[in-house]
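The paragraphs below go through a protein model, beginning with a pair of strands and ending with a set of loop residues. Please keep the sequence and the structure in view while reading.

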Amino acid sequence: MLVFLLLHPTATLAQTPLSLVLTANLRGDFSLDIENQDTTDPLLLLAQDILAETRGGADLYLDLGNAFYPGVLSKYSSGAIMMDFLDYFACSAVLVSSKDLQIGASNLEYLQKYKNVRLLSANIAKGKAPIFTPWFEFSRAGQRIAVIGLSSKK
């Protein structure tokens, strides 16, 4: 899995800090144990950290792949619960990994239709057309920054 941040080399951007929140290998790893869930569930604990970072001024939240599989809740919800999690915490984009595809490319395509979070991959295609968003851009301090997602075959 690979994400490129393309920055235009200008003096303004070189002096502008860019704060990213990055997650990876979330695997839809919600706990099924209800007792003490707010202090033991790995994704709820991570959610607290994501909130703290974004409230602290982080510019962008990205997930670097393997978010959807093999977590029990994610697997049985065909990724919907994990997509809700990522969308709720304002993840801008999720790199699609080969493991994510185990819940089905058509499920992932469907899930992204109704959420703000983008699924990124420039090299997963049907025919010659990419299935997912290949890239997106955002602005920071008046500069445009592009994020390109490339998925690994592994």
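Strand β4, residues 93-95, and strand β5 are paired in the parallel sense, over three bridges. Within this pairing, Leu119 of β5 is the bridge partner of Val94. Two strands count as paired if DSSP finds at least two bridges between them; strands (E, at least two residues) and helices (H or I, at least four residues) are DSSP runs, numbered from the N terminus.

The model is predicted: local features need pLDDT of at least 70 and side-chain atom pairs count only at pLDDT 80 or more, while totals for chains, interfaces and linings use all residues. Residues are numbered from 1 along each chain as its sequence is written, and side-chain values use heavy atoms, with hydrogens and water left out.

The pair belongs to an open sheet of four strands, in the order β2-β3-β4-β5, with parallel pairing. At its edges are β2 (20-23) and β5 (118-120), each of which pairs on one side only. On average, neighbouring strands of the sheet are turned by 25° against each other, direction ignored; the axes are lines fitted to C-alpha atoms, and angles run from 0 to 180 degrees between N-to-C directions. Strands of a sheet pair through backbone hydrogen bonds, either parallel or antiparallel.

The loops come next. The one between β3 (60-63) and α4 (72-76) contains Pro70. A cis peptide bond, with omega about 15°, joins Tyr69 to Pro70.

Asn36, in the loop between β2 and α2 (37-40), has a phi near 60°, a positive value in a residue other than glycine. Asn36 has a relative accessible area of 45% and is therefore partly exposed, where buried means under 20%, exposed over 50%, and partly exposed in between (1.4 Å probe, protein chains only). Ser78, in the loop between α4 and α5 (80-88), is also not glycine and has a positive phi, near 55°. Ser78 counts as partly exposed because its relative accessibility is 30%.

Leaving aside neighbours within four places in sequence, Asp41 is in contact with Phe30 and Ser31, contact meaning heavy atoms within 4.5 Å. Asp41 and Ser31 are 10 residues apart in sequence, and their C-alpha atoms are 5.2 Å apart in space. The side chain of Asp41 also reaches the backbone nitrogen of Leu44, at 3.0 Å.

Terms used
Polar contact = N/O pair within 3.5 Å; in protein donor to acceptor, adjacent residues only side chain to side chain.
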